[in-house]
Amino acid sequence: MNVKYRKHYAVYIPKLDSYHQIDIVLMNETNTEPKIAIECDGCYWHGCIKHNKELKEWQIKSTHRDKIIDKYLASICYFSFYRNYA
C-alpha cells in the first residue's frame, strides 16, 4: 500500500480570507485533494486552559482562529488533531 502525504500543505480558508498550512495531509487516491488532515498543536500556543489559567489576548485570538480552521477542515476532509498537553 502506497500512501501519499504532504507536509505543510497550504489550504485557503474563505472565512479568514487567508491560507493555513496543515501540518500533515494524507492525499486521496488521485493525489489531487486532501483526504485526511492532521494538525499537531501545542497547548501554549493554542490556549490550553489546563496549563494556562489566564489566557493572553493573542491566545484568545488564536483559539478563535483555530475553531474556524477546524470547522473548515472538517468540511473538506476527515480532520484529526493532536494537542500537546505536556
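**Buried positions and the nonpolar core**

At a relative accessibility of 11%, D66 counts as buried (under 20% relative accessible area, with exposed meaning over 50% and partly exposed in between, for a 1.4 Å probe and protein chains only). The structure is a predicted model, in which local features need pLDDT of at least 70, side-chain atom pairs count only at pLDDT 80 or more, and totals for chains, interfaces and linings use all residues. Residues are numbered from 1 along each chain as its sequence is written, and side-chain values use heavy atoms, with hydrogens and water left out.

D66 lies in helix α1; helices (H or I, at least four residues) and strands (E, at least two) are DSSP runs numbered from the N terminus. The C-alpha atoms of D66 and D41 are 9.8 Å apart, and the two residues are separated by 25 residues in sequence.

The largest nonpolar core comprises 10 residues: V11, I13, I22, V25, M27, A37, I68, I69, L73 and C77. Such a core is a set of buried Ala, Val, Leu, Ile, Met, Phe, Trp, Tyr and Cys residues joined through side-chain atoms within 4.5 Å. At least two residues of this core come from each of β1 (5–13), β2 (18–27) and α1 (57–76).

N28 is located in the loop between β2 and β3 (34–42) and is buried, its relative accessible area being 16%. Its side chain reaches the backbone nitrogen of T32 at 3.0 Å. With neighbours within four places in sequence set aside, N28 is in contact (heavy atoms within 4.5 Å) with E33 and K35. N28 and Y5, 23 residues apart in sequence, have a C-alpha to C-alpha distance of 9.1 Å.

How values were computed
A polar contact is a pair of N or O atoms within 3.5 Å; within protein, one must be able to donate a hydrogen and the other to accept it, and residues adjacent in sequence count only if both atoms are side-chain atoms.
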